[in-house]
Amino acid sequence: MLYPTTDEVTAGARALTLSYPEICRLGRVGRSRAGRPLLMLTVGEGGRNVLVVAGPHANEAAVGGATALRLARTIARQRARGEDDGTSWHFLLCIDPDGAALNEPWLSGPYTLRDHYEHFFRPCTAEQPEWLPHEGGDRSPALPETRALVGVLDDLRPVLQCSLHGIDVGGSFVQLTSDVPGVPERIGKSAAELDIPLENGSSDAFQWPSPGPGVYVMPPCGDPAAGDGAHSTWVHASRYDGVTAVVEVPMWACDRSADTAPHPDPDSALRTAGAALRRDLPTVARLLDAVRPQLRGVDCPLLRTVRELVGLGPALTADWDPAVRAQDAAPLPDMTTARVTSIEVYAQRIPLRAAAMLRQVADVPLVARLVDKWCEAYERAYRPRWVPVTDQVEQQARSVLAVYDELHA
């Protein structure tokens, strides 16, 4: 199985509505900044609603679109057999189709880290649809994609919203806005069957409580540990007593991401990761300065992200690097091998992303050589193994169904 493009996902949704015209509906809920339609596929006529959002991050849109179709087909067949529990399922097929289009040259393979980063794109924070404008934020008004998503949430008032995400190297995990007992056991069983490690120390949820392996519960919005989640469409559903599940699956599995044994020397490892991040991002910044004459007058999504990333080095290490953490900062959690690995992966991933996107806008051999060098170092450090697209989709779909089933058990 190959990753589908957004056009292929749309075609699959249209075919489903033709196969099940009494059960499925496809409609437009808005348009992107570039005028692309934001399409929502609805399956069922029940009074209770579930919303599944694919493609909130452009580099993760393909797996989310495939998962949305996988779930929609399953539920349509159930409804056709008369199995109806009173829930309507709504699938936003891609909330950022403009960004997704910039990643599509890679989707047909080959599926290697080197080729992935040759065509990599992820928008800067201000251009990601799930982030809401807020006091102290850097953008207002909201993006048209964000307004469309909030409008759907307000119309549907879903009992469950599932946001479909992915990572390049690591394990599978779920972030919840409220604890849902039973989910850790369900996703753990599925991950074991598919030979996908659980992410047992995600840097995305560094200080979040974990009720079980691979599951994290977002703290209240007033808690600094909630991070960006406090200003996201994830928490918007809570005003209607809805729960949001952010479902992550890896493209390449790293078995160390599941290792809960104490790390033998976390202090040294974290200092090394922090120093590398603060060294490598300035390296990209210097290359950006060197090619500035070539890029005079250029303003594109790739370049905006590079400019954002190269200025974030110190801030990105402040929470976990002993060399720069504030003396009065909250204690670090127990630093297992999984937690340290997640931070180490993160510290290599961010500069690599910045260099890879700069490579696409600046024809400079030095940048190309740096991307190749860092891809090789990434592979040597973590020995990642490819997770077939079918298994990525299966784990993500099973995770969505696990949260839904256990929420309404």
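The structure is a predicted model. Its second largest pocket has a volume of about 410 Å³, and its largest nonpolar core holds 62 residues.

**Second largest pocket**

- The pocket, with a volume of about 410 Å³, is lined by 32 residues, of which T6, A61, C94, A100 and E104 are the closest to its centre.
- Helices α1 (6–19), α2 (61–80) and α3 (97–103) each supply at least two residues of the lining. Strands β2 (37–43), β5 (160–170) and β8 (243–253) likewise each supply at least two.
- By class, the lining comprises 18 nonpolar, 9 polar and 5 charged residues.

**Nonpolar cores**

- Within the largest nonpolar core, the residues that touch the most other members are Y3, Y117, V169, L277, V284, L358 and Y378.
- Two or more residues of this core come from each of α2, α4 (113–118), β8, α8 (266–290), α9 (301–310), α11 (337–361), α12 (365–382) and α13.
- Helix α11 gives the largest share of this core, 13 residues.
- V169 touches L113, W252, C254, V345, R349, Y378, Y382 and P384, with residues up to four places away in sequence left out of the count.

**Q396 in helix α13**

- Q396 is placed in helix α13 (residues 389–407).
- Q396 has a relative accessible area of 0%, and therefore counts as buried.
- The side chain of Q396 makes a polar contact with the side chain of T67, at 2.7 Å.
- A polar atom of the Q396 side chain also lies 2.8 Å from the backbone oxygen of H165.
- Not counting residues up to four places away in sequence, Q396 touches V63, G64, T67, L164, H165, V247 and V249.

**T305 in helix α9**

- T305 is found in helix α9 and is buried, with a relative accessible area of 3%.
- A polar atom of the T305 side chain lies 3.1 Å from the backbone oxygen of P301.
- Leaving aside neighbours within four places in sequence, T305 is in contact with F121, R122, P123, C124 and M357.

- P4 belongs to the segment before α1. P4 is classed as buried because its relative accessible area is 14%, under the 20% cut-off.
- P4 and E104 are 100 residues apart in sequence, and their C-alpha atoms are 8.8 Å apart in space.
- P4 touches V9, A62, A66 and L107, not counting residues up to four places away in sequence.
- D255 is located in the loop between β8 and α8. D255 is partly exposed, at 48% relative accessibility.
- Leaving aside neighbours within four places in sequence, D255 is in contact with P197 and R385.

**Backbone geometry**

- Most residues other than glycine have a negative phi, and most peptide bonds are trans.
- The peptide bond from G109 to P110 is cis, with omega near 0°. P110 lies in the loop between α3 and α4.
- D195 has a positive phi, near 60°, and is a residue other than glycine. D195 sits in the loop between α6 (183–194) and β7 (215–217), and is exposed, with a relative accessible area of 51%.
- R383, also a residue other than glycine, has a positive phi near 45°. R383 lies in the loop between α12 and β9 (385–386), and is exposed, with a relative accessible area of 72%.

Methods:
Residues numbered from 1 in each chain as written. Predicted model: local features only at pLDDT ≥ 70, side-chain atom pairs only at ≥ 80, totals over all residues. Heavy atoms only, no water. 1 Å grid on protein atoms, 1.4 Å probe; cavity = no way out; pocket = protein on both sides within 12 Å on 5 of 7 lines; lining within 4 Å. Points joined across faces, edges and corners; volume = space filled by probe spheres on them. Helix = DSSP H or I, 4+ residues; strand = E, 2+ residues; numbered from the N terminus. Nonpolar A, V, L, I, M, F, W, Y, C, P; charged D, E, K, R; others polar. Buried < 20%, exposed > 50% of the residue type's maximum accessible area, 1.4 Å probe, protein only. Polar contact = N/O pair within 3.5 Å; in protein donor to acceptor, adjacent residues only side chain to side chain. Contact = heavy atoms within 4.5 Å. Core = buried A, V, L, I, M, F, W, Y, C linked by side-chain atoms within 4.5 Å.
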